[in-house]
Amino acid sequence: MLNNMTAPQTLRLGLTCDQRNNASSPRDKSALLFPRGNASSSPLSLLSGGVRRTQAAVESIPEAELLLGSSSIQGDLDDAESAPAKKSFVFGLVLCFCSGVFSPMLNVGIAFGDKIEDASSASGASDSMKKNLLWALVVTGGFLANGIYSIYLMQTQKTWGNFYTGTTGQVVHDLLLSIFMGFLWISGNVVYGIGATMMGSLGTVAGWPIFMVSMVLTATVVSMVAGDYKGTSNTTVLLLCVGLTILLAATIVVALGS
């Protein structure tokens, strides 16, 4: 039992028992700090004597009392750790909800950019590519928001050096993957712009939800194949599949609608 207790718990219980057993004797307060013997003993002797006294005091405590004290301390630690975690989860959930509310603003910029599209066409852009000028504007706004916040975090947390951890080959590998990810992302948006133009007036109305649902489906399937959901419960996987099925059904309904 003693081996399973941490040092602070052992010392606390030892001192408590020692004080209780000696409460009735007129003992000098320095006796709690110094063991019996010469007060000018070496620091090593003082430490050794204190450890022996603490061990003897703990051994005199019933096992039930030890269990009660250990459980109480562990319970307090668990409560202290769970409170910030719950608060962080709720705050993160609110942020995710706000992100979902404001994410369609990207499509709003595309939907109400007719004059910019006309200017792009007047400059020689084809009908399928005239929305690219809109992408340049709306994506730049998103870059500023993300870039400023990322720079703020890296500056305050002093994490700039994380870009250069590992070997040179690993740094180059990560950099190329980041560039490739950006290329794929903007390519998907360009393809959406072409498809929305071909759909006419329904492009930004029906095309956008299809675009978003397809993005979620693709990302989730790739994540599952990569093993990100290993270790999760069957209930979690079942709920995930139900959600994906609903999204797929919604995409079919939107595609069949007029």
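Which residues do ring pairs link into a cluster? They are W135, Y192, W208 and F211. The structure is a predicted model. Its protein chain has nine helices and zero strands, and buried residues make up 17% of its 258 residues.

**Overall fold**

- Read along the sequence, the protein chain follows the pattern α-α-α-α-α-α-α-α-α.
- Among contacts with a separation of 6 or more, 60% are between residues 24 or more positions apart.
- The accessible surface of the protein chain comes to about 18,700 Å², and carbon and sulfur atoms account for 68% of that surface.

**Aromatic pairs**

- A search of the whole structure finds five aromatic pairs.
- One of these is formed by W135 and Y192, with an edge-to-face arrangement. The ring centres are 6.3 Å apart, and the angle between the planes is 70°.
- This pair links distant parts of the chain. W135 lies in helix α6 (residues 132-156) and Y192 in helix α7 (residues 168-198), 57 residues apart.
- Are W135 and Y192 buried or exposed? Both are buried.

**Helix α7**

- Helix α7 has 31 residues, so at 1.5 Å a residue it should span 45 Å.
- The buried residues of α7 are N189, Y192, G193 and A196. Y192 therefore counts as buried, since its relative accessible area must be under 20% to be given that label.
- What covers the buried residues of α7 includes α4, α6 and α8 (203-225).
- G200 follows α7, and its phi is positive, near 75°.

**The loop between α6 and α7**

- K158 is found in the loop between α6 and α7.
- K158 has a positive phi of about 55°, although it is not a glycine.
- Why does K158 count as exposed? Its relative accessibility is 64%, and the cut-off for exposed is over 50%.

- E117 is found in helix α5.
- E117 is buried because its relative accessible area is 6%, and the cut-off for buried is under 20%.
- Which residues does E117 touch, not counting residues up to four places away in sequence? They are I110, K130, K131 and L134.

**A nonpolar surface patch**

- F97, V101, F102, M105, V108 and F112 make a nonpolar surface patch of about 700 Å².
- Helices α3 (63-102) and α4 (105-111) each supply at least two residues of the nonpolar patch.
- The largest share of the patch comes from α3, which gives three residues.
- F112, one of the patch residues, is found in the loop between α4 and α5 (114-122).
- F112 counts as exposed because its relative accessibility is 73%, and exposed means over 50%.

**Points to locate in the structure**

- For the aromatic cluster, find W135, Y192, W208 and F211.
- For a contrast in accessibility, find E117, which is buried, and F112, which is exposed.
- For positive phi values, find K158 and G200.

How values were computed: Residues numbered from 1 in each chain as written. Predicted model: local features only at pLDDT ≥ 70, side-chain atom pairs only at ≥ 80, totals over all residues. Heavy atoms only, no water. Patch = residues over 30% accessible without salt bridge, like charges linked within 9 Å, V, L, I, M, F, W, Y side chains within 5 Å. Areas by Shrake-Rupley, 256 points an atom, 1.4 Å probe, with all protein chains shown as cover. Salt bridge = Lys/Arg side-chain N within 4 Å of Asp/Glu carboxyl O. Helix = DSSP H or I, 4+ residues; strand = E, 2+ residues; numbered from the N terminus. Buried < 20%, exposed > 50% of the residue type's maximum accessible area, 1.4 Å probe, protein only. Phe/Tyr/Trp six-rings, centres within 6.5 Å; stacked < 30°, edge-to-face > 60°. Expected span 1.5 Å × (residues − 1). Contact = heavy atoms within 4.5 Å.
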